[in-house]
Each structure stands twice: as structure tokens, then as C-alpha cells.
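Work through these exercises with the structure open beside you. Try each task before reading its solution.

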Amino acid sequence: MVRPAVLITGASGGVGRGIALACGEAGWSVWIAARRPAEGEAVAAEVTALGGAGHFVACDVAEETSVAGAVAAAVAADGRLDGAVHNATSEMSAAKHAPLADFTLEEMRHHVAVSLRGSYLLARAAYPHLKASRGALLLLTSEAGFEGKARLPVYAAVKAAQRGLGRALAREWGPDGVRVNCIAPLATTPALAEAFARDATMKARVMGRNPMGRLGDPLADIGRAARFLLSPESAYVTGHTLMADGGSCPVT
Amino acid sequence: MSGTTIVIGPDDGDSQRFASALGARLVPAPAFADEEGWRAWRDALVSEPKASGVVVSLPAAKHEPAAISTLALEGWMARGEAPLLGWMTALGGAAPLCADGGAIVAVVDGPPPLDSAGLAPEAAVAEGVVALVRSLALSEGRRGVRANTVTTPSRLLSGPPIAPDPPLAGFPGTIEEDVLAAVRLLLSADAAYLSGHCLPADRGRSW
């Protein structure tokens, strides 16, 4: 049996880990492309324990050669790439809650480099391999990108920009049989926990608009939905943003 | 509209004409790639008087459509990252310049989704700007400031590259016919309850 191969950036924790485990339980070869080797290796081991083949590859998503190298390593080992997921987000996402006028150029640049440049670099590096496999690209966006955020405006902007990029790529790559989608998760992650800790009313605001009354599980609720978008089961879905958020953001 | 209006845009003839058509004063903005210029621009804004209408119009440079797979990092930076950072800085400056009860309007070049192949950086920037403006609508709304976006493909496209044609003739429209009318509406009291909205001025190509 040929295992589908997928590379996931920022998969050493949080939602990325959930997507990795979901792909692992389906028996896929999963490349954890991240900066932290210890955490990345641990997730790779979890993937393998679930029946997949987990691998860690060092990757800084803002660096062209690093992203290209991670993709090349996966393709060299597996001989194919069926899916690429840009999940990595700036660690500043949860660290600064402020109006737009209070953000420095350096802070803005960091958000843009990790989320948006990372999306572009992964898309460009993965494209020939996804074309060969008629595979799929998946970008992690957010409901913030639809609605804006009074105190997370830069995060909202880069998440929206990823969606614009994904929709354009869906049109570019459709003739090659490569699908491009986004997923907007709401899940229990260390980043969200940190955001809740920094903003005393945020949890009440988030839960107050969630009709299901709970945060998503990174594996069961987000990972499996992401796996669907990566798999041939969604072969006719492209240019879409799937809101995996318990109905919190009723904009699509 | 009553009160004063300023236009934040490049220091060129197009911006001058745009500002003049709105009866506004132009506050020149640096080129996207001029990082030091943006820093200085932001610092200099403290001396600007507040206005009841603030229009931010930062045109994208026109490029031949290019697939992402063929776009080098330098091209991506020039077409995607630098413009988005410029917009972040400009809108961050626009918010404090807008008087209580005033209106902010962003005019951004964005391809309709149907026509976005080859224009992925511009599509990304446009979506990012829409979200930035919605963030301003939320953060500034408590002092009565509205914030809305007009998207236009008129400076990016010369016509619809794929079928079907848009429902209205004349795609992709013009700044004079399509964009100015939308901006006037969003600045006016007729739009007193519109905020966080994105109005594609593209003759029905997207909605």
C-alpha cells in the first residue's frame, strides 16, 4: 500500500498536531515541519503509534530555503507529496492585543512573514509535487479573517490574506487537478489558552457566540475535517473555507 | 458630506485628481517599498489635524498576471508583503486622524475571485485590507467612526479573462465612474449605519 504523504508546518503542537494525528490514524506519512525538534519528534512518534509514519523535519516557514528543503526532504523519502498544510502562525498572535495604531512595523512584518510568506513559500515549493499527485494545499485561516478583530487586527489581516491567496490559487491550480482550501478552526490550543489568560473577558465572548457550547478538539474536530479537505473524498471542493468552529462564525 | 476630508495616497497626479474630485486634501504616503518612509510618515501624522472623512487609497502596481509557481520571492515581496505592510501602517495612521463620528474608507485594488488567477498577491492584499478595515470598524465604532472598504479591479484588469461576462457592461469599470461614487456614498450621512462593509465596485463581477 502506498501511503499518502502530507507535510504540515507548525505541527509540533496545537491544531497542527491535531491534523497530524488525524492523518496518522488514516495511515498516512506525515511530515512535521517545525522549528522545535523535541516537540516535533514527539508528535511524529504519536503519528507512528496511530498507524501512520511520522517524521520530523526542521523548518522555518519564513525562510525560502528552509521551506524548500523541508518539502524536498519529504519528497526524497516518500517519492511523493499528496498534501501540504500551512498551519504555522506567529507566536505573537496571542501575545499582543491592541488596536491597529499600536502595532509596530516589526510586529506587523513578523505576522506577515510567518502566516502569509509561509503560505506562499509552501505553495510554491509544493506545487510541482501536488501537481504530480493531483493533491491538495490547505491553509489555516481564522474567523478573524472574516470579521476583523478590534484588538487583533494584524492577525485578522494576515488570516484574511491567506484566504485571498488560497482562493486565487484554487483558480490557478484547478486545471492541474490541485485543490486549494482553507480551514478556520476554533479549538483548545496553547495559543488560545494564552489569549484567554491575557484577556479576562475573551473566553466569555468566544463561548457566548458558540452554539455548540464547547471549543473544538484539535484531533477529533479540526484534524479530521482537515484530513477530509486533504483527501480524495473532497475531490470536488476547492477555493473553499471550512469553518470548523462549532457555528461560531456564521458568515459562510 | 460635511466637514473636512483627507485622502491618504501616493504623491502623484492620480491621487491629486482623486482627492480633488472628493473635495479633499491629499496627505501623501510613501511608496510601498519605502520602509523608512513609512516610519517617518507615521511619526509625522501627529501634526495632522483630524478630519471627518479619511480615505485611504494605495494603488497596486500593475503587473502581468503571474502564477505563484513562477513568482520569485522578490516579486512576492513587492506585490504582496510590502503592500500589505503599507496598508497596515496607513490604516493604523488613518484611525487616529478620523474625528469622532467620522468615516474611514479604504480603496483597494482587488481582483474579483473569478479573475484572480495570476493575481494571487493582489487578492491576498485586498482580503487583508478588508479585514483590517473591519477591525477598525470594531475598534473605532465606539466613538461613532465608521470604516468600510471599496474594492476595484479597474487598475488591475483590462477585461474579464474568463466567461461568463459580468452582468453589467463596462467591466472592470473606472475610478471616476465606479469608485468615486462608492466612496462618496460611504463618506456620506446616507451610509450612517454602514460599517465593516466591503463594497466591490466591479459591475457585478463579485458579491
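**Exercise 1. A strand pair in chain A**

How many bridges join strand S4 (residues 83-86) of chain A to S5(A)?

Solution. Four bridges join S4(A) to S5(A), and these strands run parallel. Helices (H or I, at least four residues) and strands (E, at least two) are DSSP runs, numbered from the N terminus.

Two notes on the model before you go on. It is predicted: local features need pLDDT of at least 70, side-chain atom pairs count only at pLDDT 80 or more, and totals for chains, interfaces and linings use all residues. Residues are numbered from 1 along each chain as its sequence is written, while chains are lettered from A and ligands numbered from 1 in the order in which they are written.

**Exercise 2. The sheet of chain A**

Give the strand order of the open sheet in chain A, and find its edges.

Solution. Start with the order: seven strands run S3-S2-S1-S4-S5-S6-S7, with parallel pairing. Next, the edges are strand S3 (53-58) and strand S7 (241-244) of chain A, each pairing on one side only. Neighbouring strands of this sheet are turned by 20° against each other on average, direction ignored. H6(A) lies across S5, strand S6 (179-185) and S7 of chain A. H6(A) runs at about 155° to S6(A). Axes are lines fitted to C-alpha atoms, for helices over the stretch in contact, and angles run from 0 to 180 degrees between N-to-C directions.

**Exercise 3. Two partners of one helix**

Solution. Take H2(A) first. The axes of helix H1 (residues 14-25) and helix H2 (residues 37-49) of chain A come within 8 Å and cross at roughly 25°. H1(A) and H2(A) are therefore roughly parallel. The contact is made by A:Arg17, A:Ala20, A:Leu21 and A:Gly24 of H1(A) with A:Val43, A:Glu46 and A:Val47 of H2(A). Residues are in contact if their C-beta atoms, placed from the backbone, lie within 7 Å.

Now turn to helix H9 (residues 218-230) of chain A. H1(A) and H9(A) pack at about 65°, with axes 7 Å apart. They are therefore roughly perpendicular. The cut-offs: under 35 degrees is roughly parallel, over 145 roughly antiparallel, 65 to 115 roughly perpendicular, and the rest oblique. The residues of this contact divide into nine nonpolar, three polar and three charged. Ala, Val, Leu, Ile, Met, Phe, Trp, Tyr, Cys and Pro count as nonpolar, Asp, Glu, Lys and Arg as charged, and the others, Gly among them, as polar.

**Exercise 4. Where the chains meet**

Which element gives the most to the side of chain A that touches chain B?

Solution. Count first: 35 residues of chain A are in contact with 40 residues of chain B. On the chain A side, the elements giving two or more residues are helix H4 (105-133), helix H5 (144-147) and helix H6 (153-173). H6(A) gives the most, with 15 residues. By class, this side of chain A has 22 nonpolar, three polar and ten charged residues.

**Exercise 5. The sheet of chain B**

Trace the open sheet of chain B and its edge strands.

Solution. Six strands follow the order S2-S1-S3-S4-S5-S6, and the pairing is parallel. Strand S2 (25-29) and strand S6 (198-200) of chain B are the edges. Strand S5 (residues 146-152) of chain B pairs with S6(B) in the parallel sense over three bridges. B:Thr151 stands opposite B:Pro200 in S6(B). Helix H5 (residues 175-187) of chain B lies across strand S1 (5-10), strand S3 (51-57), strand S4 (98-109), S5 and S6 of chain B, running at about 170° to S5(B).

**Exercise 6. Backbone exceptions**

Find a cis peptide bond in chain B and a positive phi in chain A.

Solution. Recall the background: most residues other than glycine have a negative phi, and most peptide bonds are trans. In chain B, the bond from B:Phe171 to B:Pro172 is cis, with omega near 10°. B:Pro172 sits in the loop between S5 and H5 of chain B. In chain A, A:Arg134 has a positive phi of about 55°, although it is not a glycine. A:Arg134 is in the loop between H4 and strand S5 (136-140) of chain A.

Terms used
Two residues are in contact if their C-beta atoms, placed from the backbone, lie within 7 Å. Two strands pair if DSSP finds at least two bridges between them.
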